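Please look over the model shown here. The report below takes its parts in turn.

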Amino acid sequence: MPAQLLDGKSLAERLRQTLAERAKQFNARTGRPAGLAVILVGNNPASEVYVRHKVAACEKATIASQLVRLEASCTTEALLSQIESLNNDSQVDGILVQLPLPEHIPEKRVIEAIAPNKDVDGFHPANAGALFTGQPCLKPCTPFGVMVMLEQIKAPLRGAHAVVVGASNIVGKPLAMMLLQAGATVTICNSKTLNLEEKTRRADILIAAVGRPSLITAEMVKPGAVVIDVGINRLDSGKLVGDVDFERVAQVAQAITPVPGGVGPMTIAMLLQNTLDAAEAASLS
Ligand code: NAP
């Protein structure tokens, strides 16, 4: 495989060790641990796994985590009142509501109820707007993790052409904004994009964040490009794959992330970083 493998698992592990050190220093300085509250509504099996990983990562980093569980049938008001009480809890620095929510609960109202300075997912419109205008903010963890990976390999972003395939509010759009601010020229593609291959072939940095296995084939990749696969797809066989045809694309790319073991572990590391950033900001205000 000629491409360099971007090992998100080891990078995330190293980051988590540094963050654990920072968490200890925070505790020593303030006399309390940084705190993250995770709210899980219902028991979606995938959400259960994600939440378990997040809570375990906090424990390892000596960040105090609390898991707040609500029944799938709970009312929007009950969830909002829970968020309100965490907003007012000075031991809680970060609040994360695990998505997706049951259909009867409007996601937008819930995200907007979280205090922006505790919004460690970076989904609140105040943080999204701040990111858009280049102000300091809590950044969405997955795109933030991608930027840290690119920084780690010193991928030249200034003047590079970055193509982001996928334009969701949680991955594609914020990532495009971060790449733009790092000096890249950015193309964002969505499901309506015509002739996707013509766009992706121009990418020095190619990001796939769609949720469709093998969407990105070797023919769609410029030789020497850096390819970051954010997609997570479970095949009928049970195998976990990304959006990129990994084996073939690795023959043409300069660097590539695997799935699993690429972007995924970075997302949790960035959640810890956001929680510590929020805690440090709160302790200084
Ligand atoms: P999403 O909300 O479903 O958005 C998918 C985006 O892809 C949309 O903008 C959609 O376009 C676009 N799209 C769909 N088909 C396309 C096509 N054929 N060509 C180009 N664009 C197309 O998904 P998401 O939440 O951003 O997640 C994307 C993937 O990343 C999923 O596999 C998810 O599991 C994974 N993910 C991974 C992590 C991680 O930690 N590694 C975190 C979050 C998400 P429209 O806007 O036109 O609908």
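## The three-strand sheet

Three strands form an open sheet in the order S3-S2-S4, with parallel pairing. Strands are DSSP E runs of at least two residues, helices are H or I runs of at least four, and both are numbered from the N terminus. Two strands pair if DSSP finds at least two bridges between them. Strand S3 (64-70) and strand S4 (94-97) are the edge strands, each pairing on one side only. From one strand to the next, the twist averages 15°. Axes here are lines fitted to C-alpha atoms, for helices over the stretch in contact, and angles run from 0 to 180 degrees between N-to-C directions.

Strand S2 (residues 35-41) runs parallel to S4, and four bridges join them. Leu-36 has Gly-94 in S4 as its bridge partner. Helix H3 (residues 76-87) packs on the sheet and touches S2, S3 and S4. The direction of H3 makes about 175° with that of S2. Contact means heavy atoms within 4.5 Å.

## Basis of the model

This is a predicted model: local features need pLDDT of at least 70, side-chain atom pairs count only at pLDDT 80 or more, and totals for chains, interfaces and linings use all residues. Residues are numbered from 1 along each chain as its sequence is written, and side-chain values use heavy atoms, with hydrogens and water left out.

## Ligand site

The ligand is surrounded by 22 residues (a heavy atom within 4 Å). The closest are Ala-167, Ser-168, Ser-191, Lys-192 and Thr-267.

An N or O atom in the side chain of Ser-191 is 2.6 Å from an oxygen atom of the ligand. For Lys-192, a polar side-chain atom lies 2.6 Å from a ligand oxygen atom. For Thr-267, the distance is 2.8 Å, again from a polar side-chain atom to a ligand oxygen atom. On its own, the ligand has 930 Å² of accessible area, and the protein covers 70% of this (Shrake-Rupley method, 1.4 Å probe).

## The loop between S7 and S8

Ala-218 lies in the loop between strand S7 (205-208) and strand S8 (226-229). Ala-218 counts as buried because its relative accessibility is 15%; buried means under 20%, exposed over 50%, and partly exposed in between (1.4 Å probe, protein chains only). Beyond its neighbours within four places in sequence, Ala-218 contacts Arg-248, Val-249 and Val-252.

Ser-214 is found in the loop between S7 and S8. Ser-214 has a positive phi of about 60°, although it is not a glycine. At 44% relative accessibility, Ser-214 counts as partly exposed.

Technical notes
A polar contact is a pair of N or O atoms within 3.5 Å; within protein, one must be able to donate a hydrogen and the other to accept it, and residues adjacent in sequence count only if both atoms are side-chain atoms.
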